[in-house]
Amino acid sequence: MIATILLSIGIVFLAELGDKSQLMALTFALRYRWWVVLAGIATATALVHIISVAVGHFLGAALPTTAIALVAALMFLGVGLWTLRENLTEDDGDEPKPPRSSKAPYFVVLSAFLLAELGDRTMFATAALATDNNWFAVWLGSTLGMVAADALAIVVGIVVGKHLPERAIGIAAGLLFLYFGSATLLATVLPGLGLLAGAALAVLVPAAAGAFLLARRTRRRPQPELVENVN
C-alpha cells in the first residue's frame, strides 16, 4: 500500500509540474489568502480523485468532457472579469474597505479546480492506476501529489505578492484568468486549431482587456494644464 501511495504521489506530482493547475494556484495565491487557496485545491482534488478511482477507466466515456470544458472556460472568463471589475472600483479615494470574507474565494477556487480537473489527464492517470492497485492508496497518493505540486505554485505566488502592489496583483490575476478562459474555450470549440495557434489567439483577449484598462487609466489621469489651473 505504501508503494502505491508513493507511486501515485510521484506520477501526479510530475504530471502537474507546469500544468494549468499550477498557474491557477499561483494566480489565486496572488489574490487570496494562501490557506484559503490550498483548502479549495485540496477539497476539489479529493473530490475529483475519489470519482476517478471509484469509476476507474470507464469514467472517460461517462463524463461529458466537452460540456465540462465549456463551463470551465466560461467560469474562468467570469472570474477574470469579476476580478478586473473589483480592482477598477478600488480607485476612489482612501476610504477604508471592509475585510473580505474567505468564503467566496474558497468556493471560487473549489469550483474552478473541480471543473478544470474533471476530464484532465491527471484524472485519467489516477483512474488507470486504480484499476490495478488499491483504490484508497491511489486516491490518497494522487491527492497528496497534486496538492504538493500546487503548494509550490502557492509559495511562488506568496513570494511574488510581497513585492507587488495589491491592485497590480489583482489586475494581473484577472488578465490571467481571461487567458485561461479563452484558451480553454478555443481548445474546446476548435480542437484542431493546434497548441501554438490556440495559445496565440487566446492572448488576444487579455491583451484587449489590458489595452482597455490602459486607455481608461489614461483618460482618468488629470491633465497637467488642468492641474496648473486648479493651483
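Reply: The protein chain has 11 helices and zero strands, where helices (H or I, at least four residues) and strands (E, at least two) are DSSP runs numbered from the N terminus. This is a predicted model, in which local features need pLDDT of at least 70 and side-chain atom pairs count only at pLDDT 80 or more, while totals for chains, interfaces and linings use all residues. Residues are numbered from 1 along each chain as its sequence is written, and side-chain values use heavy atoms, with hydrogens and water left out.

Me: What percentage of the residues in the protein chain is buried?

Reply: Buried means under 20% relative accessible area, exposed over 50%, and partly exposed in between (1.4 Å probe, protein chains only). In the protein chain of 231 residues, the buried share is 39%.

Me: Which residues does UniProt list for "transmembrane region", and how far apart are the end C-alpha atoms of residues 136–161?

Reply: The unreviewed UniProt entry lists residues 34–55, 62–84, 136–161, 168–189 and 195–215 under this name. UniProt positions are given in the numbering used here, feature names are shortened, and annotations may be inferred rather than shown by experiment. In the model, residues 195–215 are 100% helix and 0% strand, with end C-alpha atoms 31 Å apart. Residues 136–161 are also 100% helix and 0% strand, and their end C-alpha atoms are separated by 37 Å.

Me: How are the rings of Phe76 and Phe180 arranged?

Reply: The whole structure contains 10 aromatic pairs. Rings of Phe, Tyr and Trp (its six-membered ring) pair if their centres lie within 6.5 Å; planes under 30 degrees apart count as stacked, over 60 as edge-to-face and the rest as tilted. The ring centres of Phe76 and Phe180 are 6.3 Å apart and their planes stand at 65°, so the arrangement is edge-to-face.

Me: How many residues apart in sequence are the parts that this pair of Phe76 and Phe180 ties together?

Reply: Phe76 is buried because its relative accessible area is 2%, and Phe180 is buried because its value is 7%. Both belong to one aromatic cluster, together with Phe28, Tyr32, Phe113, Phe177 and Tyr179. Phe76 lies in helix α5 (residues 65–88) and Phe180 in helix α9 (residues 166–189), so the parts tied together are separated in sequence by 104 residues.

Me: Is Ser21 buried or exposed, and with which residues is Ser21 in contact?

Reply: Ser21 lies in helix α2 (residues 20–31). Its relative accessible area is 0%, so Ser21 is buried. Contact means heavy atoms within 4.5 Å. Leaving aside neighbours within four places in sequence, the contacts of Ser21 are Glu16, Phe113, Glu117, Met146 and Asp150.

Me: How far apart in space are Leu110 and Leu47, C-alpha to C-alpha?

Reply: Leu110 is in helix α6 and counts as buried because its relative accessibility is 12%. Apart from neighbours within four places in sequence, Leu110 is in contact with Gly40, Thr43, Ala44 and Leu47. Leu110 and Leu47 are 63 residues apart in sequence, and their C-alpha distance in space is 9.9 Å.

Me: Which residues does Thr45 touch, not counting residues up to four places away in sequence?

Reply: Thr45 lies in helix α3. Its relative accessible area is 2%, so Thr45 is buried. The residues touched are Ser142, Thr143 and Met146.

Me: Is Ile50 buried or partly exposed?

Reply: Ile50 lies in helix α3. Its relative accessibility is 31%, so Ile50 counts as partly exposed.

Me: Among contacts between residues at least 6 apart in sequence, what percentage joins residues at least 24 apart?

Reply: The question concerns contacts in the protein chain between residues at least 6 apart in sequence. The share that joins residues at least 24 apart is 90%.
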